[in-house]
Amino acid sequence: AAKALPEVEYAYIYDAQGRVVADFHESEEMLYRTFTDELGQRIIKSNETLVHIDYKKGALDISKPVILGHDKIGGIRLGFDLKPMLDEIRQVTLRAVGISTVILLLGLLVIFGIADRMTRPIQQLTEGVRHIEEGDLRYRVSLKRSDEIGDLGSAFDQMAERLMHREKELKLSKDIIRRAD
């Protein structure tokens, strides 16, 4: 029944000396042979269930001893092909990495959008200060925002307007004084 499962590569029943007494391969290549591989030797000596994963071969090997009373009379050894499962894990991992990358990129776009939305008005105010410093009192930042930065932009524009009116008043006063002299 175990050999009928699609992922089972091999199924052996072995005696206490590790000799295969039932080989469920079609060719029965291990029938009446003793395990000679390193894992097979550990299986023969052990009275415990052993689980071994060979990542190079993509195989899972499970052996379970059969104990009668205090004596080991043999056991069963199954080998499962892990390649389909490893392939699926690889695909799921690649999908997860792809989705994570997309989420990261979207997050970066949002962060840069927020940063730009916050820094652009400050850059506009800085540019306005330069214009006023150079004597261009007609320059306005005209920030259309309903937050603190918008309030600062409105205050800046009002300041520039007052400075422009005061400059006009000063010029007018100087002209009147010049004419009076």
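Predicted model: local features only at pLDDT ≥ 70, side-chain atom pairs only at ≥ 80, totals over all residues.
A search of the whole structure finds three aromatic pairs. In one of them, the ring centres of Y10 and Y12 lie 5.1 Å apart with the planes at 20°, so this pair is stacked. Stacking applies here because the angle falls under the 30 degrees set for that class.

Y12 also pairs with F35. Their ring centres are 5.8 Å apart and the planes stand at 55°, so the pair is tilted. Y12 belongs to strand 1, residues 8–15, whereas F35 sits in the loop that runs between strand 2 (20–23) and helix 1 (38–45). The pair therefore ties together parts of the chain that are 23 residues apart in sequence. F35 is buried, with a relative accessible area of 1%. Y10, Y12, Y14 and F35 together make up one aromatic cluster.

## Overall architecture

The chain contains three helices and five strands. Read from the N terminus, the order of these elements is β-β-α-β-β-β-α-α. The radius of gyration of the chain is 42 Å, well over the 16 Å given by the globule rule for 181 residues, so the chain is more spread out than a compact globule. Along the principal axes, the C-alpha atoms fill a box of roughly 130 × 35 × 25 Å. Helix 2 covers residues 83–133, and helix 3 covers residues 148–180.

Of the 181 residues, 27% count as buried. Among the contacts with a separation of 6 or more, 38% are between residues 24 or more positions apart.

## Surface and charge

The chain exposes about 13,600 Å², and carbon and sulfur atoms supply 59% of this area. There are 27 positive and 30 negative charges in the chain. The mean position of the positive charges and that of the negative charges are 7 Å apart.

## S63 in strand 4

Is S63 buried or exposed? With a relative accessible area of 2%, S63 is buried. The residue lies in strand 4, which spans residues 59–68. Leaving aside residues up to four places away in sequence, S63 touches Y14, I43, E48, T49, L50, I76 and R77. One of these, Y14, is also a member of the aromatic cluster.

S46 is buried, with a relative accessible area of 13%, whereas T49, at 38% relative accessibility, counts as partly exposed.

Beyond residues up to four places away in sequence, S46 touches P65 and K72. S46 and K72 are 26 residues apart in sequence, and their C-alpha atoms are 9.3 Å apart in space. With the same exclusion of residues up to four places away, T49 touches I62, S63, K64 and P65. T49 and P84 are 35 residues apart in sequence, with a C-alpha to C-alpha distance of 24 Å.

Y32 has a phi near 70°, a positive value in a residue other than glycine. Y32 is located in the loop between strand 2 and helix 1, the loop that also holds F35. At 57% relative accessibility, Y32 counts as exposed, while F35 is buried.

S142 likewise has a positive phi, of about 45°, although it is not a glycine. Where does S142 lie? S142 is found in the loop between helix 2 and helix 3. S142 is partly exposed, with a relative accessible area of 41%.

Key
Residues numbered from 1 in each chain as written. Heavy atoms only, no water. Helix = DSSP H or I, 4+ residues; strand = E, 2+ residues; numbered from the N terminus. Rg over C-alpha atoms; globule rule 2.2 N^0.38 Å. Buried < 20%, exposed > 50% of the residue type's maximum accessible area, 1.4 Å probe, protein only. Contact = heavy atoms within 4.5 Å. Areas by Shrake-Rupley, 256 points an atom, 1.4 Å probe, with all protein chains shown as cover. Lys, Arg positive; Asp, Glu negative; His and termini not counted. Charge placed at Lys NZ, Arg CZ, Asp CG, Glu CD. Phe/Tyr/Trp six-rings, centres within 6.5 Å; stacked < 30°, edge-to-face > 60°.
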